[in-house]
Amino acid sequence: MESGLTHIFRYVLGAVALSACIAACDEQKTHTAPAIYERDSVSVMTSYGVNTLISDSGVIKYKIVAERWDVNTVRQPPRWTFEKGIFMEQFDEQFHVEGYIQADSAWYYEQQKLWELRGRVLIRNVNGLIFTSEEFFWDGIRHEFYSNKFSRVVTPERTLEGTRFRSDEHMTHYDVSNSEGSFQSEDMEGNQEQQASNTSSAAPADTTAPAIPVRQAASRHKAAQKSVYQP
């Protein structure tokens, strides 16, 4: 009798265990990542270790070196993002380096043709002018540079510092407002002679010149990376 009961008891336990196993298998859940609703947060292209040439009207004009390059065409405005720094060289028609720009981070708004650089911005042009600031904008439509933060301009002849900077794209004509600086003695003598010959006194040009109108910077790029980018 005991052996029969034992056999039945084992059969019942086996059936219960099998039913529990089947139920557990039916209740398994599929683990999925949450959906991304903010589509503008996703870049259509992300490149690492970038070293590429960019052409303008079929002529190579720039070289870009960056650790990371994100292109987002969904966000408004569409933009290229270089959050890990950027180094850019500019060439003339003979492929000679005319100058370079580097910064800790940068954004390029393609529709506005506007570059925004932040962090330790350093620029040097073909004439030896060196510009440093924590902010820099390059307006490709108006063909001008500008900054609304403290900037320092160093040339072989003089050094200027000020809180507002405006310049053409070649940095041959620039304006530093609220400035202070040092000049060579011959520059000061020339300014004194010019002021003495003038019937009306005038303040230095860099403090009285009207501010160049600038476009409002975007709030914070649209092509796949190629060896040569044709805009």
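**Reading aromatic pairs and salt bridges**

Tutor: Trp-115 has a relative accessible area of 8% and is therefore buried, the limit for that term being under 20%. The model we are reading is a predicted one.

Student: Is Tyr-108 buried or exposed?

Tutor: Tyr-108 is buried as well, and its relative accessible area is 13%.

Student: How is a pair of aromatic rings described?

Tutor: A pair of aromatic rings is described by two quantities, the distance of the centres and the angle of the planes. In this structure, the count comes to 14 aromatic pairs. For Tyr-108 and Trp-115, the ring centres lie 4.8 Å apart and the planes meet at 35°.

Student: Which residues form one aromatic cluster?

Tutor: One such cluster is formed by Tyr-62, Phe-131, Phe-136, Trp-138, Phe-145, Phe-165 and Tyr-174.

Student: Let us turn to charged side chains. How many salt bridges does the structure hold?

Tutor: A salt bridge is read from the distance between a side-chain nitrogen of Lys or Arg and a carboxyl oxygen of Asp or Glu, with a cut-off of 4 Å. The structure holds five salt bridges. One of them joins Glu-161 and Arg-152, with 2.2 Å from N to O.

Student: Which residues do salt bridges with shared partners join into one network?

Tutor: Such salt bridges join Glu-116, Arg-118 and Glu-135 into one network. Within it, Arg-118 forms a salt bridge with Glu-116, where the closest N and O atoms are 3.0 Å apart. Arg-118 also forms a salt bridge with Glu-135, the closest N and O atoms there being 2.7 Å apart.

Student: Where in the chain do Glu-135 and Arg-118 lie?

Tutor: Glu-135 belongs to strand β8 (residues 130–139) and Arg-118 to strand β7 (residues 114–124). The two residues are 17 residues apart, and the pair links distant parts of the chain.

Note on methods. Residues are numbered from 1 along each chain as its sequence is written. This is a predicted model: local features need pLDDT of at least 70, side-chain atom pairs count only at pLDDT 80 or more; totals for chains, interfaces and linings use all residues. Side-chain values use heavy atoms; hydrogens and water are left out. Rings of Phe, Tyr and Trp (its six-membered ring) pair if their centres lie within 6.5 Å; planes under 30 degrees apart count as stacked, over 60 as edge-to-face and the rest as tilted. Buried means under 20% relative accessible area, exposed over 50%, partly exposed in between (1.4 Å probe, protein chains only). Helices (H or I, at least four residues) and strands (E, at least two) are DSSP runs, numbered from the N terminus.
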